[in-house]
Amino acid sequence: MSPDGEERERGRSLSDTAMVGIAVTAIVVVVFAGVLTGYLVGHNGRSSASSSAPATTSAPAVPQDVAFGAHAFVQFACAQCHGMRGAGGVSPDVPALQSIAQALTVEQLSSIIEHGAGVSTNPEKPFMPVWHGIVSKHQISALVAYMKAGFPVVAGADALTVPTNQGDAVAGAVLYQRYGCINCHGPNGLGGVPNPQSPDLTVPPLSGADFHGEFDTPKKIADVIRSGSVIGRAPIVSMPHWGTILTDRQIQQLIAYIDTFS
Ligand code: HEC
Ligand code: HEC
């Protein structure tokens with residue numbers, strides 16, 4: 001700003017002081033009225049509001065790391081295996097987390113998320129994926145904060161809804177996000193997510209000549225989605241086992257979407 005400009009600013013600020021005072025008073029009055037109205041409405045309308053509005057909109061505020069953890073729990077499909085808010089009920093092979101999270105220490109929880117829970121060499125049922133290098137340390141600590149806070153309701157931390165009657169490719173595209181395939185195989189199945197200690201060095205793409213050469217029938221693709229693939233122990237990231245978690249129909253829809261990559 002030029003010296004002239006500063007001069008004008010200073011001159012104006014003096015005469016503006018009174019105006020500012022009035023404005024501040026007005027704002028305080030308006031804010032107070034707003035808070036009072038909100039309080040009264042909240043009090044009188046509580047029971048009807050909570051039954052008509054979605055639960056998430058009336059949820060109390062939670063600390064930011066807890067809120068971030070709640071969103072990560074959906075984004076990385078923890079919720080699709082362990083149930084929304086860790087309540088279980090998805091597959092007999094995946095435990096509910098609500099009481100387990102209270103029993104385990106912060107270190108134990110962090111380590112299970114990063115390195116898995118001990119992977120069998122030939123998994124015939126779902127196992128806890130290894131997330132090392134995929135879920136960041138920052139995100140792991142937010143996930144643990146969320147679990148330790150008792151899985152509170154957090155606005156917007158909801159799984160995507162799969163549209164019906166828009167075709168298998170559309171349903172598959174949404175499932176690809178909802179079940180977190182995108183976190184490992186990348187957008188549009190482009191692959192390239194680092195998996196440094198695996199033979200391929202990256203999580204494989206779901207498109208291209210190599211993929212179509214090896215997985216040349218829908219059945220072969222369905223089989224690997226169902227069974228997963230254990231290519232080693234932590235810190236190697238493996239293909240999770242989705243049998244008993246995804247239905248045959250959902251797997252078919254995912255394959256229809258994967259077909260659109262070619
Ligand atoms: C593909 C399904 C699947 C996904 C996705 C998944 N888990 Fe798991 N998780 C399991 C299974 C199965 C177990 C039980 C241990 C085992 O068999 O490996 C488990 C175990 C756990 C445990 C230890 C429970 C115990 O009994 O000690 C924690 C904590 C946990 N998962 C948290 C998470 C978090 C957080 C995420 C998301 C980042 C997540 N899980 C994603 C399947 C899954
Ligand atoms: C935790 C990371 C992770 C997630 C989540 C994941 N995958 Fe995989 N996936 C892998 C890895 C690693 C491989 C390679 C396995 C191997 O080489 O044995 C793989 C292999 C595959 C393959 C065979 C391709 C190949 O070249 O081996 C298909 C198909 C596939 N995944 C589909 C899916 C679908 C569909 C989802 C979501 C329902 C999904 N994946 C979720 C890590 C993941």
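Figure 1. Residues 24 or more positions apart make up 63% of the chain's contacts with a separation of 6 or more, a contact being two residues whose C-beta atoms, placed from the backbone, lie within 7 Å. This is a predicted model, where local features need pLDDT of at least 70, side-chain atom pairs count only at pLDDT 80 or more, and totals for chains, interfaces and linings use all residues. Residues are numbered from 1 along each chain as its sequence is written, while chains are lettered from A and ligands numbered from 1 in the order in which they are written. The chain has eleven helices and zero strands; both are DSSP runs numbered from the N terminus, helices being H or I with at least four residues and strands E with at least two. Of the 262 residues, 26% are buried, meaning that 20 or more other C-beta atoms lie within 10 Å of a residue's own, with C-beta atoms placed from the backbone.

**Figure 2. The shell around ligand 1.** Here 23 residues surround the ligand, and the closest are Cys78, Cys81, Ala117, Met128 and Pro240. To be in the shell, a residue needs its C-beta atom, placed from the backbone, within 6 Å of the molecule. Helices H3 (78–82) and H5 (106–115) each put in at least two residues. By class, the shell has 21 nonpolar, one polar and one charged residues; Ala, Val, Leu, Ile, Met, Phe, Trp, Tyr, Cys and Pro count as nonpolar, Asp, Glu, Lys and Arg as charged, and the others, Gly among them, as polar.

**Figure 3. The shell around ligand 2.** This ligand has 25 residues around it, with Cys181, Cys184, Pro204, Ser229 and Met239 the closest. Two or more residues come from each of helices H8 (181–185), H9 (209–214) and H10 (218–227). H8 gives the most, with four residues.

**Figure 4. The largest nonpolar core.** Among its 48 residues, Ala70, Phe73, Leu143, Tyr146, Met147 and Leu254 touch the most other members. Such a core is a set of buried Ala, Val, Leu, Ile, Met, Phe, Trp, Tyr and Cys residues joined through C-beta atoms within 7 Å. Elements giving two or more residues include helix H2 (64–75), helix H6 (137–148), helix H7 (168–178) and helix H11 (248–259). Domain 1 (62–148) and domain 2 (168–259) both contribute, so the core lies between them; the bounds come from an automatic or database domain assignment.

Figure 5. H2 has twelve residues and reaches 16 Å from its first C-alpha to its last, close to the 16 Å expected at 1.5 Å a residue; the expected span is 1.5 Å times one less than the number of residues. Its buried residues include Val66, Phe68, Ala70 and Phe73, and their cover includes H3 and H6. Phe73 contacts Cys78, Ala79, Leu143, Tyr146 and Ala157, leaving aside neighbours within four places in sequence. In H6, the buried set includes Ile140, Leu143, Tyr146 and Met147, and the helix's buried residues pack against H2, H4 and H5. Just after H2, Ala77 has a positive phi of about 65°, and after H6 comes Gly150, with a positive phi near 90°.

**Figure 6. Val94 in its loop.** Val94 sits in the loop between H3 and helix H4 (98–103). It counts as buried because 20 other C-beta atoms lie within 10 Å. Not counting residues up to four places away in sequence, Val94 touches Cys81, His82 and Pro126. The C-alpha atoms of Val94 and Lys125 are 9.1 Å apart, though 31 residues separate them along the chain.

Methods. A residue is buried if 20 or more other C-beta atoms lie within 10 Å of its own, exposed if 12 or fewer, and partly exposed in between; C-beta atoms are placed from the backbone.
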